Amino acid sequence: MAALVETMFSVREKPWHGLGAIVMEAPTSAEALRLAGLDWNVVQEPIYTDFNEPIEGYKANVRDSDRKVLGVVSDRYKVVQNTDAFSFTDELLGKGVRYETAGSLQEGKKVWLLARLPREYIIAGERISPYLVFSNTHDGSGSVKVAITPVRVVCNNTLNLALNTAKRSFSMIHTGNIQDKIQEAKDTLFMAEEYMDCLGIEFEQLRRQKMTDEQVKEYIELLLPMEKEPTPIQQKNIIRLRKDMEKRYYDAPDLQKVGNNAYRFINAVSDFATHSNPLRRTANYNENLFARTVDGNPLIDKAYQLVKAA
């Protein structure tokens, strides 16, 4: 398991983002947090200089289970505990949503739950399963965030396009009112359904948008640009990556009957972004790949912008 993944679990099989251990059934959020090793709290404590002088205006977020300092924040920062951040999602269980994985990144600085929505969509003749990613940070870098990540079932490619017509993600401030939690859960499902409906319309339009071989070549070169004065190694690496992306467009078995169109191109780019071998695999490669399922993948969004501008 990669270095920055501290603890996590997943349901039944290795999840599509390439991280995790197997458990037999999807639990409640409380059980998910326990299985994922997230059943700890954050306490705020004063911080001092080397001369034991208090530093005014700042506190340390400390994990109570092992005294790990997760971040230094201003004294206006309000902690959102793991149980609080994810407890509203239990309302979704009654709607058929099931947790699939949860975990801790960067030694507890970032935590997440991932749930699979009960409805599978048939979009442009393809099976698309939507997931919801719930993330929270304890280092002061963010709040609770919910993001929709559609996954193309046949190849486990993520298709989280940044649409102008529907939101894919939003942040939430936790409140202690259970009715507010229930309403947030309902709003989350509404957002997911609206996004998937708009995604379906967009995919149908992309399928109707034909692409020539010249356009495919041009777009790949724009997505994977060459340096102005590349070294022989740089030139060789970019050529290899371009050929890899091109192969995913022309040779992928699951795209053979799709036709030469923008939808096929977006899927080829998604396949490349999700599954290709990088030039250099860093220790936190899988974590960065997973983070892009929440924040969006710049390469997929750029490809989408290119075809939309054609």
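**Rings, charges and a helix crossing**

Modeller: The charged end of R264 sits over the ring of Y249, 5.0 Å from the ring centre. This is a predicted model, in which local features need pLDDT of at least 70, side-chain atom pairs count only at pLDDT 80 or more, and totals for chains, interfaces and linings use all residues. Residues are numbered from 1 along each chain as its sequence is written, and side-chain values use heavy atoms, with hydrogens and water left out.

Colleague: What makes R264 count as sitting over the ring of Y249?

Modeller: The rule asks for NZ of Lys or CZ of Arg within 6 Å of the ring centre and within 35 degrees of the ring normal. R264 is listed at 5.0 Å. R63 also sits over a ring, that of W40, 5.0 Å from its centre.

Colleague: Why are α5 and α6 called oblique?

Modeller: Helix α5 (residues 213-223) and helix α6 (residues 232-250) pack at about 140°, with axes 10 Å apart. Angles under 35 degrees are roughly parallel, over 145 roughly antiparallel, 65 to 115 roughly perpendicular, and the rest oblique. The two helices are therefore oblique to each other. Their contact (heavy atoms within 4.5 Å) includes I220 of α5 and Y249 of α6.

Colleague: What kind of aromatic pair do F203 and Y263 form?

Modeller: Ring centres must lie within 6.5 Å; planes under 30 degrees apart are stacked, over 60 edge-to-face, and the rest tilted. F203 and Y263 have 5.1 Å between centres and 65° between planes, hence edge-to-face.

Colleague: Are F203 and Y263 buried or exposed?

Modeller: Both are buried (under 20% relative accessible area; exposed is over 50%, partly exposed in between, with a 1.4 Å probe and protein chains only).

Notes:
Phe/Tyr/Trp six-rings, centres within 6.5 Å; stacked < 30°, edge-to-face > 60°. Axes fitted to C-alpha atoms, helices over the stretch in contact; angles between N-to-C directions. Helix = DSSP H or I, 4+ residues; strand = E, 2+ residues; numbered from the N terminus.
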